[in-house]
Amino acid sequence: MFAQKGVELVQELERARDFLPPFNEDGVRQVLEEMRALFEENQRDASSAVAGESEYITSVHIRHCALERNKRCLMAYLYNRLERIKEHRWHFGSVLPSDIKANICEPEAQFFIKYSKSLAAYMKSIGEGSYSLDLTQNLKPPKNLYIQVKCTTEFGEFETEDGDIVVLKKNSLHLLPRVQCELLIAQGILEHVS
Amino acid sequence: MASYSGNLTQLSDLFGTADTISETEDAEFLSASEAVKKLEESWLNEMLAPELLSPQTELVDCLLEQTKNMEENLMAISKSDFRFALHRMEVERIRYVVTSYLRIRLEKIEKFLGYLLNNENKRQRNEPSLLTEDELKFAQELNSNTETHLKTLGLRHMPTNMREINTQKFITTPNRDSYVFVCVKDDAPSVLVSDGTSEGEIEVELLKNSQHLLPYRSISSLLQNNTVNLL
Amino acid sequence: MNSRFKNDIVMTFKLNGLTVRSEATKYIIGLLTPLHKDEQVQWLEKLIDVIQKQGLLNSTTVEKSHVERAAKECCQNEFDETTVLLNVISAFDVPKFVYNTERKKYLSFDAPHSINLFGDPRDKSEMFRHRYAILHQRTSRHSLFTPSVLGSGSTASQNKYQLQPIEYLLGMSTKLTNLVVLGMLTYLTEGKLHLEDMTGSVPISLKDTNFHGGLFTENCFVLGQGYFQDGVFHIEHLGMPPPEPAKITRTYFGNTNFFGGSSTSTLKVSVKLKAIEEQNPDAMMVFLSDVWLDQTRVMEKLRILFAGYCEDPPICFVLMGNFLSGTTCNTSSSHLRQLFKSLAEMIKEFPNLVEQTRFIFVPGPSDSGFCNILPRPPLAEVIRAEFVQRIPSGIFTTNPCRIQYGTKEIVVLREDILTKMCRNAINFPSDDIPQQFAKTLTSQGHLCPLPGEICPVYWPYDHALYLYPLPDVVVVGDRLGGFTAQNMDCVIFNPGPFSRNNFNFKVYIPIRSQVEDSEIGDT
């Protein structure tokens, strides 16, 4: 059946809702191949249809619908992956963890960098200098100024905004200002202990 | 939520900065607590409305100025003073509201990208825009990045007559018919609400301080001129 | 003021989703304080840009080393690519990539320790497996073997074949016809030729075989089509796996730098380098093979050669061994040293050449120092010391070696490959040997698809001999006369022994991808 591969691509994304599966280059290539083949066939039949043999019109129409469907599936696949990549910027900061990096292709990595840059430029424009707002932080209403955190990995020295240097060793407990730790909590380096 | 602004006035009294006043372009004077209250209202409205509302840039700028001043004042006080903690908490709360407000706007911009950019293009010069300059820049960059990406990976390799996407067909428009809870601030005598049929509309009167569940479409203009608030 | 600046820096990094270490911040403050405020902002942005582009960050924490490296790159940006116009890559520096069948990608092989010269027995089988993997994935992607696309016309689907693994044959007891198998020719038992792949081996019969183009030797990979009966695969058509132009390889594997050198992405697509190449359209590279320095006639001819090029110096002279006409004995290295010294003195008479041309020396099979296993390390320090002292820009490199000039990739090998292949060929083709040779090399994707006894290779360094993706030029210094051939955008030529015939050599002009024959006659 036509457009089978396109639908498979979309299904692949649908099944993997929580993570980003590897970029299915093969699948994309096959869809494009199919489109090319259908188009060539259509060109041949279309010229004979124009010449007057009207029985080709239905097959041209079917192929055209298949082409449109393929295009739509492919665009949906690519666009949906972009959406997930954008989400990653909000969760992980601007460096992707290596397992996600392995699953995205080069243009997607470029898009991620460009999106990060756009976002950074926008955030910079809100305030000035150190008073700009990092929109990826402050996701929950603040309850306390300081929170108790436990360090999960050997991080080393960490400097707070006030200039205090805290040495984050594995499994050490600290009482730190909430704003400073948010980025590290999001990455899993620190863990909130209630 | 109302307690936030309450705390702020108390603290400002404590510091003697009760009269921190900022000016907007229309020479309106807002006291600190009023600014925060207004921002909270805008924040709630933005969160609950299905479409993007007008940006409250002056409010945001004013409050950020406020927090900046407060932080600078804070530098002067020692950390162990309890007032420091309270004041700091206040700053954090204001920053949270502003951050959340801007974040919600960004989310809506990303969601309704095509629709908003279309409106921007069609907008006349004297009409106010729904996007700030920086937001517009962000939206345009995102749009062009997405298009380039789709072109590189897919469209470029497709047969020649299929290389364009008709973006008009694929944009999401906000659903202006979704229902929202409203709280009426001032009397609104004639509000048109559809009565279920496709053409019929009933006029309804909204009394001050009453609460209703209405389709967004009917009250969007009222929301704009601040007659109602969303809950 | 400093703390404000520090907070600004930390915040800027934070807006870009990165946390910066305190020592890195201190370093940046140190770098940027002398600048004007607007410039500070600009440079900070640029630094962050470069850090993100370098892609060296494993997590969102930016260390001082990252900042240092980024700062260096920022300053060097304009000079980086231009200085690498001519780059000689030794065989031991060629990056190793391993094909990952699940992800269908070439992944860089990071050895936990440095690669041993003499490998384990496992390395020998790995060597053949890797070679097979290259050819298998390349062949399965070829249009003859990909299943026909739905929607294509009926004519297109007729010429499709399906690659079968050998275990498929071994599993069947009935006669199977119209099979196509990719495998390696081996003599598993004395005198009996087998076809072997990753799944097994099958004896073959070449009685009625129709040999398609190429020089078939033991240990080369072939595509056989025929029928299988009574445990023997009767091959009706024997051919080479179809070669693949470098452009197509790159569309599948991206811009990874397979060739070697310091750049992480391939320089073939560098627009800057192409522009520089085009600025110098008459640039040429001169290749000589078998330059016997101990013969006075050769030295005289070399002098004439250098004098001739003095006005218009080429990019480089590539002089391949052997550098002595006699056999190697215990006085060879000191003799060679003296000869190189006199060669250096001779070259110094042409200061133009000393300044503008690079001299590249590739050792030959019988040059003293190392035994002739490929890849062969460069001539010893002891031999080249005198030359390098006089002409510091001289490069003594390995055999084979890779030269990158601008966007052109050139592979140089001094080994009698063609002679050995002709001697060991299963079927000697009747026509145009150089063309068959070119076809063989490009199809095999390897510089010497010969058995280990004939042409030994250090097993762990087999990847240095790969011709995949296909380079632009392969220069093979062979004992047979000079020739030029081309297959699939790859030019393969042999300069011919300089010292034996009429002192002939070849000149390669990169911009036009042309090879010109030359000789120094008796004047």
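This is a predicted model: local features need pLDDT of at least 70, side-chain atom pairs count only at pLDDT 80 or more; totals for chains, interfaces and linings use all residues.

Reader: How many cavities of 30 Å³ or more does a search of the whole structure find?

Author: Here's the general idea: rolling a probe the size of a water molecule over the atoms shows where empty space is left. A cavity is a set of points, on a 1 Å grid over the protein atoms alone, where a 1.4 Å probe fits but cannot get out; lining residues have an atom within 4 Å of a point. Points are joined across faces, edges and corners, and a volume is the space filled by probe spheres set on them. In this case, the search finds five cavities of 30 Å³ or more. The largest cavity holds about 280 Å³ of space. It has 23 lining residues, and those closest to its centre are F258(C), F259(C), R402(C), Y468(C) and P469(C).

Reader: How do the residues of that lining divide into nonpolar, polar and charged?

Author: Nonpolar covers Ala, Val, Leu, Ile, Met, Phe, Trp, Tyr, Cys and Pro; charged covers Asp, Glu, Lys and Arg; the others, Gly among them, are polar. The lining of the largest cavity has 13 nonpolar, five polar and five charged residues. The second largest cavity, of about 70 Å³, has two nonpolar, six polar and two charged lining residues. F259(C) is one of the residues lining that second cavity.

Reader: Next, salt bridges. How many are there over all chains?

Author: A salt bridge is a side-chain nitrogen of Lys or Arg within 4 Å of a carboxyl oxygen of Asp or Glu. The search finds 32 of them over all chains. In one, E41(A) pairs with R63(A), with the closest N and O atoms 4.0 Å apart. E41(A) is in helix α2 and R63(A) in helix α3 of chain A, so the pair ties together parts that are 22 residues apart in sequence. (Helices, H or I with at least four residues, and strands, E with at least two, are DSSP runs numbered from the N terminus.)

Reader: Are E41(A) and R63(A) buried or exposed?

Author: Buried means under 20% relative accessible area, exposed over 50%, and partly exposed in between (1.4 Å probe, protein chains only). E41(A) is buried at 12%, and R63(A) is buried at 13%. Over in chain C, K274(C) bridges to E278(C) at 3.9 Å; K274(C) is partly exposed at 36%, and E278(C) is partly exposed at 49%.

Reader: And the backbone: where is there a cis peptide bond?

Author: Most residues other than glycine have a negative phi, and most peptide bonds are trans. Here, a cis bond joins Y468(C) and P469(C), with omega about 0°. P469(C) sits in the loop between α14 and β19 of chain C. Another cis bond runs from L374(C) to P375(C), with omega near -10°.

Reader: Which residue other than glycine has a positive phi?

Author: D489(C) does, with phi near 65°; its place is the loop between β20 and β21 of chain C.

Terms used. Residues are numbered from 1 along each chain as its sequence is written. Chains are lettered from A and ligands numbered from 1 in the order in which they are written. Side-chain values use heavy atoms; hydrogens and water are left out. On a 1 Å grid over the protein atoms alone, a cavity is a set of points where a 1.4 Å probe fits but cannot get out, and a pocket is an open set with protein on both sides within 12 Å along at least five of seven lines; lining residues have an atom within 4 Å of a point.
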